Amino acid sequence: MAGYLSDDTVDAVLSATDIVSVVGEYTRLERRGGNDWWGCCPFHGEKTPSFHVDGDNKFFHCFGCHKGGNVITFVMEMEKTGFVDVVTSLAKRGGIEVRFKDGQRPPADYNRSDEIERYIELYERTASMFHYILLETEQGKSALDYITGRGITPEIIRKFRLGYSPADRRWLKTFLRKKNFSDDFLAKSGLFSRKYPDVAFFSDRLMFPIFNRNGKVVAFGGRILHPQGADDRKYLNSGDLVQFRKKETLFAMNFAKKAMRETKSVIFCEGYMDCIAYHQCGIEYAVAPLGTALTDEQVRMIRGFVETVYLSFDSDEAGQNATLRAILMCRRQNLTVKVIRLRGGKDPAEIMLNFGKETLTAQVKNAILDSDYLLTRLGEKYPVDIPEGKAKAALEYFQYVDALQSDIQKESCLDQLSQTFNLRPEAVKRDFDNRRQAQERTDTRLNNNQTGQGTQIKVDAELRGLIAVTSDLDQFKMMRDELEESDFINPGARKLFAILAECYDSGTLTIKDILARCGEQEFARLITEDISSGVYQGNTAGAVVQDTIKYVKRNRLDAQRNALVQRIKRYDVVTQEDQRQLNQLLEEKMNLDRQIQSLESR
């Protein structure tokens, strides 16, 4: 591909581009004399900087993973993009004309970077119009009343360019046609229904523009304001687009980068409003995933800027499950993790509204280490006053220890487990080593049994229900309305549910797209085998899906009830306030009992 570009163009890009500025968008750099810069490598996890950028000679090198090169190879590696696309992008950034060699025609995909720029222009223009409608028109008044009622100030509304998409679903197409955007171009934009190309994807929603790291609008999230029925989802998010990849983007990253560099910290929170609440309170290193669970790619995005990750997910069961997954994910990438314990509300936005900036700021300052958080949670989840409960708590805690990257950390955390649950350190260490050795034997056996089809996948009631969905894709909406990824215990079931949800959200819920996202051939074999066998013909798939929903819900409610019962058993009533809180716990247990009874009667 490099042969298409003139040598003069490539040389001009290398000469004119400030490699320090470009690399600094991906990792925090510190000067060590002259134009010599060092930081933590963005390609692999590390806490001691071994990544060197020579600003004068315009090259980078990591002494840890040994990656190195010039600014072009750096961006190619970070963005997983081709040579021509990177050179073209850097040329535009520096105002350099792109020339091709004599007699050479541009490659077929050369116009991709131009296409990306045109779609960014479209989204920028659309975001500006949505913002104007919110602030300046009568039809945006209800959305403006809603957002100001949540305590968001005019300054923050302008900073995040919040907007309103009109209820008239044909208005946007008419508006954009007048701005000389063609129907063919708009059809691929993600702003309109695939089935009905004149109908806007977002309507009657409070709009949250999603920015790339350079502060340009590349996608949207929208919160419904006036739901018309059960089918209306609370939040709707753009699917993957030519200029936007959901799992590699973080909401407010463009605003948070500076504060992340300065504090060496980041807050991962659950949604748009929570993130905005933190920024309004002056805590500007908060970011959020985009309507899905946190991904490894998103953690890698912030790894070069920070040393400590704060987790601020909702205080409900789903939020706490998300916290556990995020802890393991961040620890595997060698980051220190603290958990913000939200008090006085379900989420940061509610706490800010009810109690103000000082309370939310104090809760961030009082965040606890993830190990302390996990041990407290396990003590509530299991009956740790009996041997069986201690064994279950220890087994779950071992997952966390496995994720740690330092043997010293592992040993320290095993000692902490021993002290917390009054266990002999030797017994804890022996159980941990035995479990690890057993896992290694299992991994070896599975690897030996592989025949090119990937690792073995446990097929249980959860996974069977999801495979049934692939036989009748119309059933997935019912399952999506009732369950979420964190409700499943089987890792294979969680993965398949996530794949189905991604396809559903992007409007590509077809067998072809599901199989393309599976990755492991064993998944594809299970799906195609059951579909081909016809085992779920007729109404069978629907019945299996309903049974699966009931099964997963019951497991979730049982786990919540068991944890609550253990808290009640250990509750020591001394004051009237203690009695009030105990009564509240008993009421929660009665509510769970009613939910379980209602579920069983279906």
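Tyrosine 397 and tyrosine 400 sit three residues apart in helix α17, about one turn of the helix (helices are DSSP runs of H or I with at least four residues, strands are E runs of at least two, and both are numbered from the N terminus). Their rings form a tilted aromatic pair, 5.5 Å centre to centre with 40° between the planes; rings of Phe, Tyr and Trp (its six-membered ring) pair if their centres lie within 6.5 Å, with planes under 30 degrees apart called stacked, over 60 edge-to-face and the rest tilted. Tyrosine 397 is buried at a relative accessible area of 1%, and tyrosine 400 is buried at 2% (buried is under 20%, exposed over 50%, partly exposed in between, using a 1.4 Å probe and protein chains only).

This is a predicted model, in which local features need pLDDT of at least 70 and side-chain atom pairs count only at pLDDT 80 or more, while totals for chains, interfaces and linings use all residues. Residues are numbered from 1 along each chain as its sequence is written, and side-chain values use heavy atoms, with hydrogens and water left out.

Both tyrosines turn up again in the lining of the largest cavity, together with Leu324, Leu328, Leu374, Arg377, Leu378, Glu396 and Gln399. A cavity here is a set of points on a 1 Å grid over the protein atoms alone where a 1.4 Å probe fits but cannot get out, and lining residues have an atom within 4 Å of a point. About 70 Å³ of space lies inside the largest cavity, the volume being the space filled by probe spheres set on grid points that are joined across faces, edges and corners. Helix α17 gives the most to this lining, with four residues. By class, the lining has six nonpolar, one polar and two charged residues (Ala, Val, Leu, Ile, Met, Phe, Trp, Tyr, Cys and Pro are nonpolar, Asp, Glu, Lys and Arg charged, and the others, Gly among them, polar).

The second largest cavity holds about 40 Å³. Its lining includes Cys40, Lys47 and Arg303, and by class has three nonpolar, two polar and four charged residues.

Back to the rings: the structure holds 27 aromatic pairs. Phenylalanine 208 and tyrosine 235 make another tilted one, at 6.4 Å centre to centre and 40° between the planes. Phenylalanine 208 belongs to strand β7 and tyrosine 235 to strand β9, so the pair ties together parts that are 27 residues apart in sequence. Phenylalanine 208 is buried at 0%, whereas tyrosine 235 is partly exposed at 26%.

Methods. 1 Å grid on protein atoms, 1.4 Å probe; cavity = no way out; pocket = protein on both sides within 12 Å on 5 of 7 lines; lining within 4 Å.
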